Structure formats: C-alpha cells, structure tokens
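Let us walk through this structure one piece at a time. Keep the 3D view open as you read.

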Amino acid sequence: VCFIPGGMDCSISFVSHVLGKVCVHGRQNEILSILVPRLTDLTQSDCIWQRICWRLVECVPDRWMEAVVLGFVQRAPRADVLSRLLGNLVVKNKKAQFVVTQKLLLLQYGHTTAVLQNLLGYLSLDSCRRALLIKVLQELLETWGSSSAVKHSPPEQQQYISKAILICLSHLKEAEIESCRQELLTGMMEGVKCHLDSNLPQIRRLGMIVAESISAKIITDGPVLKFQYEDDDEARELKSLLVHTPPSCVVSSLPDDDRNEKADAALPLVLESNKKSHTAAPVMPDEGSDAELDSDDDLIPYDMSEDKELKTKAPVYIRDCIEVLTGSEDVDKWEATVKALESLVRKNPAATREVNVELAKILLHLEEKTCIEGFVELRQRAQVAVLTTDPIPVAKYLTSQFYSLNYSLRQRTDILDVLVLAAQELSHPRCHGKTKQSGAQKPCIHLLPGSESSKDWRRIVDERIKSKTRRFAMGQSQVELASSPNEFSSVAGYFFFPLIQHFDRPLTTFDLLGEDHFVLGRLVHTLAILMYLAVNTVAVTAMGKALLEFVWALRFHTDSYVRQGLLSCVSSMLVSVPAERLLEDLTEELLETQSWLGDVVEKDPDGDCRRLALQNLLLMENLKKKLKTVPS
Amino acid sequence: MALPPPDPQFVLRGTSAAVHTLHFSCGGQEPDVPVLFSGSENGFIHVWNLRTHRVDTALDGHGRKSVYCVETVGGKDRLLSQGRDQRICLWDLAEGRTSVMDSVFTENVGFCRCSLLKVAQGRWLMAMAAKALEEVQVLELPSKTSVCTLKPEVGAKLGMPMCLKLWQLNSASQPLLLAGYEDGSVVLWNLSMGKALSQLVCHQEPVMSLDFDSEKTKGISGSSEKVLSIWSLNEQQNLQVYKTHQLVNAGISDITIRPDKKILATGGWDHRIRIFGWKKLKPLAVLDYHTATVHCVSFSDHKNPGERLLAAGSKDHRISIWSIYTQT
C-alpha cells in the first residue's frame with residue numbers, strides 16, 4: 001500500500017474498511033505481515049505517517065475492530081511500535097478499549113508473554129493511557145485474588161494472569177503505587193490466601209511469586225514478604241518479567257535473562273580466583289632430596305590394626321531399641337538405634353510380632369531429636385518393616401489412628417504412605433527371601449513428600465493397557481523369579497476398608513470433607529493404589545464396589561487434586577477387578593460412571609482430570625470389546 | 001610381625017573427676033621424688049608421687065572450679081595453676097607448704113591454657129587469653145607487669161585464642177608467640193612490636209592444641225576435625241603448611257612433642273593416644289586404654305632417658321602412665 005505524500009487530503013476510510021474485512025475473514029497474518037513492518041518503518045520518524053496510521057485504525061468499523069486490534073497487537077515487535085501504530089485508539093474507541101483491557105487479558109489466555117508485554121507496555125507509554133493501566137491492574141488483581149477463580153480456572157489461565165500482573169507492576173511509577181497502595185495490599189492478602197490453599201504446587205508457587213513481587217513494590221521500608229519455593233526456569237522467567245526493560249532493548253525478556261546469567265556467572269569466577277590467591281598455597285618439600293639418615297628408622301611401629309573408627313553400638317534386641325527410643329537421653333545411642341531399627345525388625349520377625357503395635361505407636365510419634373540425614377526416610381522404612389512383618393494388627397492400629405483426634409497432617413499422611421509402601425512390598429513376589437523390583441517394567445511408587453503420585457499412576461495404567469504380557473526377566477542371564485503366594489491378598493481388606501469407613505464423619509480437629517481436603521486428596525490416591533495392588537486377591541470385587549460408591553459420593557468435589565485421585569481410583573478399579581465380576585456385579589454403577597466420565601471429559605477445567613477421564617473411557621471400551629470377543 | 005601395643009606401666013586412680021592437665025617434674029636430684037602434677041575438673045590439683053603411685057598432696061585453690069593448666073615455674077617448688085574461676089595462682093610448695101603466693105585475675109572465661117617461657121634467671125613471660133575476646137596478653141612474672149597485648153586487626157575474625165606457645169630460638173633472641181585461634185588459623189606474633197608476623201589457616205575447625213619445635217622451626221596443630229597439620233617457619237618468619245596427616249577419628253584435644261624431639265603424642269576424642277615419629281610423622285603406635293576422651297598428654301623430663309614416661313589424663317578419671325620408645 002503506497003501513498004503519495006504531500007499536502008493532499010486523502011480519505012483513508014476505504015482502506016480501513018478493506019483492512020477490517022480482510023482481518024475478520026481470518027487473513028490477518030497475510031495482510032498484516034506486510035503492512036505492519038512497512039508502517040513501522042514509515043512511522044519511525046514521520047509524524048504524518050503516524051497520523052495516517054492512526055486514522056487508518058480508527059476508521060475500522062466496530063464490528064471488525066477486534067480482529068484488527070488483535071492482529072496489530074500480535075504483530076507489533078515492541079510496545080513503542082504498537083504505540084506509534086495505534087496511537088490513543090484505546091482511549092478513543094470503546095470497542096478497542098474493551099478488546100485490549102478486558103478480552104485479551106481476562107477472557108483469553110493463549111497469547112505469549114511477548115504479546116502481554118507489548119500490550120501493557122503500550123498502555124504505559126502515554127499519560128492518557130496510564131489510567132487504563134491502573135484500572136487493568138486492579139481488575140487483574142481482583143481476578144487473581146478471587147477464590148472461585150483459583151479453584152475453577154485452568155492453571156494456564158492463572159499463569160497468564162500472574163504474568164500480566166507482574167508486567168503491570170514493572171511499569172508502575174512510584175506516584176501511582178502510592179495512590180493505590182491500599183488496594184494492592186488488600187488484593188494481595190486475599191489472593192495469596194486462596195493460592196496457598198490450593199493443592200497443586202504450581203498454583204501455590206504462582207501465588208507466592210506474585211505476592212512477593214507485590215509486597216516488594218509496595219513496602220518500601222521494613223521487612224518484605226519472602227517465600228520459599230522451588231526456583232526453576234519457570235519461576236525465574238516470571239521474576240524476570242518484573243524487570244522493566246527500556247523500549248530500546250529487545251522485546252522478549254529471555255535473551256536479556258541469558259545475558260544477565262552470563263554476567264552473573266563471570267562474577268563468581270572472578271571472586272573465586274581472587275580468593276585462591278589469598279590463602280597460602282601449601283609448599284610440598286621435595287621428598288627425594290631428604291637423603292639424611294632418618295633416626296626415625298630406629299623406632300619400630302607397633303601393631304595398629306585395631307585402630308578403627310569409633311562407632312556407638314546400636315542395640316541388638318528390639319526391646320532394647322524400644323527402650324532407647326522412648327526413654328534414653330543418650331543422643332548417640334538414639335541416632336544409632338534409628339539407623340539400625342529397620343534391619344533389626346526385618347531380621348527378627350518373631351520378636352517384632354510380640355511388640356508390634358507398641359513399636360508402630362512409637363514410630364508414628366517419633367520426632368527428630370538430632371539432625372540425622374534422611375531421618376524421614378529411616379522412620380518410614382522402619383514403619384513399613386513393622387507393618388509388613390505383622391500386617392493385620394498393625395494395619396488395624398494405623399487405620400484407627402488415621403481417624404483419631406489430635407494427629408498432625410504430617411502424621412496422617414505418613415500413615416497413608418506407610419500403608420501403601422507396605423502393600424506394595426507385600427504384593428511383590430519375594431525372590432530368594434529378598435524383595436526386589438522385577439525388571440524395568442515395574443514402576444516404583446515413591447511416596448516421599450513432594451511427589452505427584454498421579455503421574456506414576458498414569459504411567460502404571462498406560463503400561464497395563466499397552467503391555468499384553470508382564471515380562472519379569474530381561475536378557476538371557478536373568479533367573480526367572482520364583483513365584484510365591486501373594487501376601488497382600490489376605491490383608492488387603494484390613495488396609496482398605498477401615499480407611500474408607502469414616503471419611504464423612506468429621507472430628508473436631510480433622511474434617512476430611514471440609515478444610516482438610518489435602519488429606520482427602522492423599523487418601524483418595526492411596527485408595528487408588530491399594531485397589532491397584534489388590535489385583536488377583538479375593539477381596540477385590542468387594543473393594544471395587546465400595547470404592548465405586550466412595551467415588552460416586554465425592555465426584556463433584558471442587559478440588560482438582562481430589563478429582564484426579566477419584567479418576568485414578570476408577571482406573572485402578574477397572575484394571576484390577578476381573579472383567580466378568582465387573583459386568584455381573586457392577587453393571588448399573590458402571591453405566592452411571594460412564595456418563596459421569598463423559599461429562600468430565602467435556603466440562604472439567606483441569607487438563608489432568610480430562611485426560612484421566614478419557615483414559616477411563618478407553619478402558620471401558622476395551623472391556624466391552626474384550627467381552628464381546630469372548631464366545632459366550 | 002608388629003608387636004601389639006604395650007599396656008600402661010601403671011595407672012593412677014583417685015582424682016574422682018575428669019583430668020584436664022598434667023605436668024611432670026622429675027628432673028631433680030636424689031633424694032627428690034619424681035612427681036606428677038594433675039589438675040582436675042573438681043578444682044583440685046593432685047601431686048602424685050611417682051614412686052609410691054599415690055597422691056602426696058591435694059591443692060585446693062580454685063574454688064572447686066575446673067583446673068585446666070598446671071606448670072612448674074623453675075623447679076617443683078613453684079607451681080602455676082590456671083582455673084575456670086578466672087584466676088592463675090602461683091603456689092609455694094617448698095618444704096611441705098601448700099599456699100598460694102600470688103594470683104592473677106585474668107577475667108577470661110575461656111579454656112585457653114597459658115604458656116610459660118623462661119627468659120632470664122628469675123624472670124618468666126606468661127601468655128594468656130585476655131578479657132577481650134580475641135586478645136592475648138603477655139605478662140612478666142613474678143612482677144606481673146604487662147609486656148604487651150596482642151590484638152588481631154579489626155575484621156580478622158579469628159575468634160578466641162584456643163592454645164598458646166611462647167618460644168625463642170635461643171636465649172639471646174626475641175621471644176615469639178604462636179597462637180591457635182577459633183577459626184582454624186595459627187598466628188605468629190612478635191612480642192616487642194605487638195604485631196602479627198604471619199598467619200596460616202591450617203584447619204577448618206578451631207585449633208584445639210599446638211606444639212612447636214624451635215630447633216627445626218616446625219610445629220604441629222590438631223583440631224576437632226580429622227586432620228593433623230604440620231607447618232614450618234621459613235627464613236622470612238612466614239608460616240607454611242608442610243604436611244597434613246589424616247586420622248581415623250575426628251578430634252584431638254592435646255599434642256605434645258617429647259623434649260628430645262624424636263616422637264610426639266596426641267590425645268584424642270576417640271579415647272586413644274597416638275604416637276608419631278616427629279621427623280616424618282610416621283605413625284608408631286595407638287594406645288587404647290581409656291574409656292572416655294583423653295584430655296591431656298605429657299612427657300616427663302627425666303634426666304635418664306630410660307626412665308622417661310608418657311602420661312595421659314582422661315575424662316574417665318584415670319591417668320595412664322606409659323613407658324614407650326625409651327631406648328633411643
């Protein structure tokens with residue numbers, strides 16, 4: 001599109017119409033890819049061209065305005081370019097304002113960080129538009145802080161809004177922050193509460209980063225809010241958005257980040273080399289030159305083979321261990337006992353059985369007295385050892401304690417983890433008296449804090465669906481595993497049913513259906529794993545029925561972690577309960593579940609839930625096909 | 001085939017408290033009895049008769065607060081003792097007396113043992129930790145006048161002085177002080193100028209004990225970690241690390257070099273006494289008798305080499321006396 005400059009009065013409205021129509025029909029990319037760079041160059045220094053450009057976009061009819069504005073925002077390489085191209089369009093045109101401030105920020109969330117930066121930078125560059133910037137920030141903060149948004153909107157949208165907030169913050173000036181300090185503070189406090197309440201670590205981290213940034217901006221003196229979270233690439237990217245890059249720099253923050261990182265890396269190297277030159281370098285005398293007769297040769301050394309490391313001895317009997325753990329003040333002995341306990345329990349099953357419940361009780365309440373490495377793991381392994389040595393009474397004790405008063409959340413989740421690990425151990429075939437993982441195909445279920453058992457779940461279920469045979473031996477030299485009775489089958493019921501019994505009965509300090517939805521989520525995942533491990537056991541059908549009822553009661557729970565757990569329960573039930581039993585005993589429930597799953601696939605906001613529901617529907621399809629092929 | 005390590009020649013019992021310090025005085029002529037002075041945690045200083053193996057006298061001068069240093073000041077009639085009651089006492093033990101002649105109030109609540117050096121007939125220098133945290137004060141005895149106060153420079157962050165050693169190359173040269181500090185460094189101080197001549201970081205943990213051989217200008221230090229560090233002084237009065245030796249168990253509480261500079265003994269937190277050859281730090285023996293931390297080791301000053309003894313005092317209230325490598 002080429003215009004003849006000069007003092008001519010041209011009407012551009014025709015061009016605007018064409019532009020608008022083309023954009024609305026979906027050809028934004030083609031036309032704007034040529035138009036925008038050309039206009040960028042032309043408007044660089046020429047005021048007249050700027051005016052022309054502004055008239056161009058202003059004359060686009062309202063019904064096509066959105067497409068045009070969107071195209072420009074996406075195409076413009078930098079915020080100042082966008083400013084030159086659009087001018088004060090957002091202030092003059094209501095539709096444009098709606099698109100820029102509401103639609104692009106709050107209703108859509110698929111745009112890249114660069115687009116966000118362009119948009120918000122554009123708003124900040126002109127004094128007329130800055131008022132809009134503040135309004136936008138307030139609305140974003142309101143959305144960020146609303147608890148229903150945190151619970152129901154997808155994590156991607158929440159991340160988008162968080163990024164927008166951070167970029168807005170980076171553009172705000174002191175005076176503006178002063179004027180809206182109070183609102184920022186209240187918004188942040190409400191928002192951080194909802195975010196920390198969530199079960200998904202990603203949401204929690206977003207909340208922490210945004211809250212830290214806001215507090216850093218508004219609190220100029222005194223201590224600033226500081227959280228502890230995993231500082232990986234995502235967190236660093238978010239934090240880099242806070243640094244306002246001046247318009248002359250390259251747009252996307254990532255190359256800047258690289259440059260900053262390289263500069264940071266160069267500094268520590270310089271510091272280290274300085275430090276090295278200060279400490280005295282050891283001077284090694286030339287050993288060979290020491291030729292004088294060594295009078296030390298006259299001194300004959302004595303036998304020093306007894307000189308070994310001094311170790312505090314751990315007790316050798318289980319009852320001694322109990323004594324040390326409950327009463328002893330000697331911390332060295334306590335440490336040695338904690339380290340030795342698991343192996344002692346495994347070596348002396350008869351002695352352990354005599355004191356099983358007592359030992360379980362002590363371990364459940366064991367607090368870290370001194371700083372031992374891996375204390376949590378040691379305690380957990382000892383608990384698992386006790387549980388596997390004498391499953392029935394210890395399981396009874398643990399499941400009853402799960403629903404008792406005055407336990408901390410950590411202890412309750414500990415109980416769940418221990419039950420799962422013990423169940424896993426009991427259900428594996430023991431080869432030559434040792435428990436080994438058979439082959440690479442069997443995935444390990446790691447339940448130490450901070451793990452996402454739902455991910456392992458999907459892997460397990462996928463493998464189950466895909467593999468026709470379970471190969472135990474890999475390679476020719478492997479010995480085939482000896483088969484042994486499944487020890488879990490006789491005790492599966494004791495693990496499973498008590499956990500499912502009282503979930504709807506609230507206690508004063510523990511309300512699964514209310515505030516403690518984190519524990520509920522863990523409980524649901526635990527039940528799913530127990531169900532999976534109960535394959536080929538006698539109680540599996542009864543377990544399946546009870547589990548399905550449980551899932552049915554909770555299927556509309558608001559927490560997405562709980563919903564993921566419920567869907568895993570359904571998967572493991574479909575996989576573990578034999579097909580014939582499923583069809584005979586559970587037909588109506590299965591049909592109802594199928595319609596519920598269809599609903600979840602379409603309407604659930606959480607991506608993981610939808611995937612799991614789809615998987616379950618696939619499993620059900622496979623089931624139907626399998627039964628159809630069996631000649632009846 | 002190496003011989004098993006020897007047993008103690010005899011064991012002194014009767015202190016009824018952990019033994020923190022030992023000092024022999026066996027150089028006297030007949031009919032002087034060789035004695036061993038020991039300071040315990042209950043505040044008593046026991047004078048052991050090495051012929052009868054019994055306590056001859058018990059001195060109570062530190063208000064039942066732990067005594068952590070005893071040294072003779074020119075013969076066994078004068079004894080210097082340092083206790084946790086912040087006092088250094090000078091005892092007169094001649095002709096059966098047991099009285100405190102003089103005392104210095106140090107105002108220091110640490111555990112740093114003082115160090116004595118004879119500079120002239122009747123004159124001694126004593127280095128001790130001073131009231132301020134990082135300072136070392138040197139007094140002249142018996143006049144108790146302050147010779148100098150050694151302050152590390154601001155920002156040096158050495159911590160408390162942990163162990164001291166006054167020495168001079170020969171009777172004509174300047175006395176120098178080696179001090180081991182809490183941050184693991186050993187500093188060489190010039191007393192006349194009150195300045196540090198050299199500083200060497202030899203350990204990551206506090207220096208627990210050090211000893212120095214002024215003939216070879218080589219010293220050794222032990223700390224709470226598993227490393228013994230041997231360092232030397234070159235012509236420019238600079239300290240350099242000469243060698244390090246790894247131990248089996250961490251923690252050394254005392255190191256002492258035998259007066260003939262042939263062997264040295266270390267007392268460890270692992271209840272064991274280790275003997276090394278001084279020339280090349282060749283491990284010679286590990287003496288395992290005590291059942292708790294060995295707090296102090298000391299060599300005797302017998303004129304007859306064959307009678308030389310090694311004593312070790314431990315937290316288990318025993319003092320073990322060993323006769324080892326006496327033939328050389």
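This is a predicted model: local features need pLDDT of at least 70, side-chain atom pairs count only at pLDDT 80 or more; totals for chains, interfaces and linings use all residues.

Asn536(A) is not a glycine, yet its phi is positive, about 65°. Is Asn536(A) buried or exposed? Its relative accessible area is 66%. The cut-off for exposed is over 50%, so Asn536(A) counts as exposed.

Now step back to the whole of chain A. It has 31 helices and zero strands. The chain runs to 632 residues, and 46% of them are buried. Its exposed surface comes to about 33,300 Å². Carbon and sulfur atoms supply 55% of that area. How far apart in sequence are the residues that touch? Take the contacts in chain A between residues at least 6 apart. Of these, 74% join residues at least 24 apart.

One helix shows the packing in detail. Helix α22 of chain A covers residues 391-402, twelve in total. From first C-alpha to last, α22(A) reaches 16 Å, close to the 16 Å expected at 1.5 Å a residue. Which residues of α22(A) are buried? They are Pro391(A), Val394(A), Ala395(A), Tyr397(A), Leu398(A), Thr399(A), Gln401(A) and Phe402(A). These buried residues pack against five helices of chain A: α20 (356-364), α21 (375-389), α23 (409-427), α25 (488-501) and α26 (517-533).

Turn next to chain B and its strands. One open sheet there has four strands, in the order β22-β23-β24-β25, with antiparallel pairing. Strands β22 (252-257) and β25 (283-288) of chain B stand at the edges. Each has a single partner strand, so one side of each is left without a neighbour in the sheet. From one strand to the next, the twist averages 15°.

Strand β24 of chain B, residues 272-277, runs antiparallel to β25(B), and five bridges join the two. Across this pair, Phe276(B) stands opposite Pro283(B) of β25(B).

Two loops of chain B deserve a stop. Between β12 (136-141) and β13 (145-150) of chain B sits Pro142(B). The peptide bond from Leu141(B) to Pro142(B) is cis, with omega near 0°. In another loop, between β18 (207-213) and β19 (218-223) of chain B, lies Thr217(B). Thr217(B) is not a glycine, but has a positive phi of about 45°.

Key: Residues are numbered from 1 along each chain as its sequence is written. Chains are lettered from A and ligands numbered from 1 in the order in which they are written. Side-chain values use heavy atoms; hydrogens and water are left out. The expected span of a helix is 1.5 Å times one less than its number of residues. Buried means under 20% relative accessible area, exposed over 50%, partly exposed in between (1.4 Å probe, protein chains only). Contact means heavy atoms within 4.5 Å. Accessible areas come from the Shrake-Rupley method with a 1.4 Å probe; for residues, only the protein chains shown count as cover. Two strands pair if DSSP finds at least two bridges between them. Axes are lines fitted to C-alpha atoms, for helices over the stretch in contact, and angles run from 0 to 180 degrees between N-to-C directions.
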